[in-house]
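Trainee: Could you walk me through how to read a structure with two chains? I would like to begin with how the copies are related and then go on to the side chains.

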Number of protein chains: 2
Amino acid sequence: MAADPPDLHPDVAPLAFLVGTWHGEGLGEYPSIEPFRYGEELTFDHVGDAYLTYAQRSWLLEDGSPLHLERGFLRPGAEGVLELTLAHPLGLTEVSEGALDGPSFALTSIPGGVGRTTTGMPVTSLARRYRVDGRTLVYELDMATETTPMTRHLAAVLRRQP
Amino acid sequence: MAADPPDLHPDVAPLAFLVGTWHGEGLGEYPSIEPFRYGEELTFDHVGDAYLTYAQRSWLLEDGSPLHLERGFLRPGAEGVLELTLAHPLGLTEVSEGALDGPSFALTSIPGGVGRTTTGMPVTSLARRYRVDGRTLVYELDMATETTPMTRHLAAVLRRQP
C-alpha cells in the first residue's frame with residue numbers, strides 16, 4: 001500500500017496557498033449558449049512529489065446534475081513557470097503554461113496544447129486566471145473554438161472549505 | 001451540492017465490467033532504466049454521464065513512495081471506438097483511441113495525441129492493452145520517446161477489490 005500522506009514537496013511550496021478544497025458558484029456564458037449558473041468544487045492536493053493534483057467538478061444549481069469534470073496536475077516548470085496538464089471528459093486534453101505572481105496565476109494553452117479525440121469538442125485554445133485572497137478563490141476561463149474567437153466562458157467565486 | 005450517485009449512463013453500459021477498483025502489482029522496464037516492481041491501483045468510476053472517470057496510482061513496493069499518477073476519462077466515440085483523455089504529472093497529456101472487443105480493449109495515442117509541457121518527459125506515443133477476465137485485469141503499456149522506439153514499459157496483473 002501507499003505510504004501515509006507525506007510533507008509537501010519543497011518545489012511546490014510556493015503553491016501551498018492552493019492546497020485544499022474550494023467550493024462555490026459560478027456563471028457560464030458563451031455566444032452559442034444561454035448563460036447558466038453552476039455549483040463547483042476545486043480540489044488541489046499532493047502526494048509528496050513535485051506537483052499538485054487538481055480535480056474540478058461542477059453541477060447545475062437547479063438539480064445537482066453533473067456539468068463538467070477536470071482532472072490533472074499543476075507543476076513548476078522552468079524558472080517562474082507553472083505547467084498544467086489536464087484531461088476533460090469532452091474528449092479534450094490541455095497543456096497550459098503561465099507565471100505564478102504571488103497568490104495569482106494565469107495559464108494559457110501552449111500552441112498545439114489542446115488535444116482532441118475524433119469526436120471531441122472543437123476547442124482550440126483556453127486561458128485561465130486564478131487569484132486567491134484569504135479564504136476566497138476567484139477564477140475566470142476564456143475559450144476559443146473553431147468558430148468562436150477567445151471569449152469569456154466561466155467565472156466563479158469559491159470559498160476554502162474548513 | 002451534487003446529487004446522489006446516479007445510474008450508469010446507457011452509453012457506457014458496455015464498459016460496466018470495468019467499473020470498480022483494481023489492485024495489484026506490475027513490472028516496469030525500459031531500455032534506459034533498471035527493471036522495477038510496483039504496486040498499483042486503478043479506479044474506473046462514473047457520475048451518470050456518457051464517460052467513465054479513470055484514476056491510476058502506483059508506488060514502489062519497497063517503501064510505498066508514489067511512482068506515477070494518471071487521471072482522465074474513457075468514453076465511447078464513433079461506432080465501436082473508445083476514446084481516452086488523460087493527464088500525467090510528467091508534463092504529459094494523452095489522447096488515445098481504440099476498439100472495445102468484449103472485455104478487452106487496446107488504445108493507441110492518435111497522431112499528435114501526446115501533449116507535452118515545455119519541461120515534459122519526451123514521450124512521443126503510447127499504446128495500452130487491457131483485458132478483464134472475471135476478477136482479474138491485465139494490462140500492458142508500450143511507450144516511444146524521442147530516442148527509443150515503441151517498447152514495452154509496463155505490465156501488471158490487478159484484482160478487483162471487494
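**Reading the pair of chains**

Mentor: Happy to. This is a predicted model, and in it chain B is superposed on chain A by a rotation of 180° with 0.0 Å of shift along the axis, at an RMSD of 0.0 Å. That relation is the one given by a two-fold axis. Both copies use the same surface, with 100% of the contact residues of chain B recurring in chain A.

Trainee: What is the general idea behind describing copies that way?

Mentor: Two copies of a chain are related by a rotation about an axis together with a shift along it. Here the rotation is 180° and the shift is 0.0 Å.

Trainee: How many residues of chain B are in contact with chain A, and how much area do the two chains bury between them?

Mentor: The general idea is that an interface's size is often given as the accessible area lost when the parts come together. In this model, chain B and chain A bury about 3,100 Å² between them, and 63% of that is on carbon and sulfur atoms. In terms of residues, 42 of chain B are in contact with 42 of chain A.

Trainee: How many residue pairs are in polar contact across the interface, and how many salt bridges are there between the chains?

Mentor: For salt bridges, the count between chain B and chain A is zero. The rule does find 13 residue pairs in polar contact across the interface, with both residues at pLDDT 80 or more. On chain B, the elements that give two or more residues to the side touching chain A are β3 (52-60), β4 (66-76), β5 (81-88), β6 (92-101) and β7 (104-116). The largest share comes from β4(B), with seven residues. Sorted by class, this side of chain B has 18 nonpolar, 14 polar and ten charged residues.

Trainee: Could we look at a single residue that meets the other chain? Which residues does Thr93(B) contact?

Mentor: Thr93(B) sits in strand β6 of chain B. Beyond its neighbours within four places in sequence, its contacts in chain A are Thr85(A), Leu86(A), Thr93(A), Glu94(A) and Val95(A). Within chain B, Thr93(B) is in contact with Leu86(B), Ala87(B), Gly113(B), Val114(B) and Gly115(B). Thr93(B) counts as buried because its relative accessible area is 1%, under the 20% cut-off.

Trainee: Back to charges, then. How many salt bridges does the structure hold over all chains?

Mentor: In general, side chains of opposite charge can pair when their charged atoms come close. Over all chains, the structure holds 18 salt bridges. One of them joins the side chains of Glu83(A) and Arg75(A), at 3.0 Å from N to O. Both Glu83(A) and Arg75(A) are buried.

Trainee: Which residue pairs with Glu146(B), and is Glu146(B) buried or exposed?

Mentor: Glu146(B) forms a salt bridge with Arg116(B), and their closest N and O atoms are 2.7 Å apart. Glu146(B) lies in the loop between β9 (136-145) and β10 (151-160) of chain B, while Arg116(B) is in strand β7 of chain B, so the pair ties together parts that are 30 residues apart in sequence. Glu146(B) counts as exposed at 54% relative accessibility, whereas Arg116(B) is partly exposed at 28%.

Trainee: What about Glu140(B)?

Mentor: Glu140(B) forms a salt bridge with Arg129(B), where the closest N and O atoms are 3.1 Å apart. Glu140(B) belongs to strand β9 and Arg129(B) to strand β8 (residues 123-133) of chain B, eleven residues apart. Both ends are partly exposed, with relative accessibility of 23% for Glu140(B) and 29% for Arg129(B). In chain A, Arg129(A), Glu140(A), Asp142(A) and Arg152(A) are linked in a network of salt bridges.

Definitions and conventions: Residues are numbered from 1 along each chain as its sequence is written. Chains are lettered from A and ligands numbered from 1 in the order in which they are written. This is a predicted model: local features need pLDDT of at least 70, side-chain atom pairs count only at pLDDT 80 or more; totals for chains, interfaces and linings use all residues. Side-chain values use heavy atoms; hydrogens and water are left out. Contact means heavy atoms within 4.5 Å. Buried area is the accessible area (1.4 Å probe) that two parts lose on being put together, summed over both. A salt bridge is a side-chain nitrogen of Lys or Arg within 4 Å of a carboxyl oxygen of Asp or Glu. A polar contact is a pair of N or O atoms within 3.5 Å; within protein, one must be able to donate a hydrogen and the other to accept it, and residues adjacent in sequence count only if both atoms are side-chain atoms. Helices (H or I, at least four residues) and strands (E, at least two) are DSSP runs, numbered from the N terminus. Ala, Val, Leu, Ile, Met, Phe, Trp, Tyr, Cys and Pro count as nonpolar, Asp, Glu, Lys and Arg as charged, and the others, Gly among them, as polar. Copies are superposed by least squares on the C-alpha atoms of residues with pLDDT of at least 70 in both. Buried means under 20% relative accessible area, exposed over 50%, partly exposed in between (1.4 Å probe, protein chains only).
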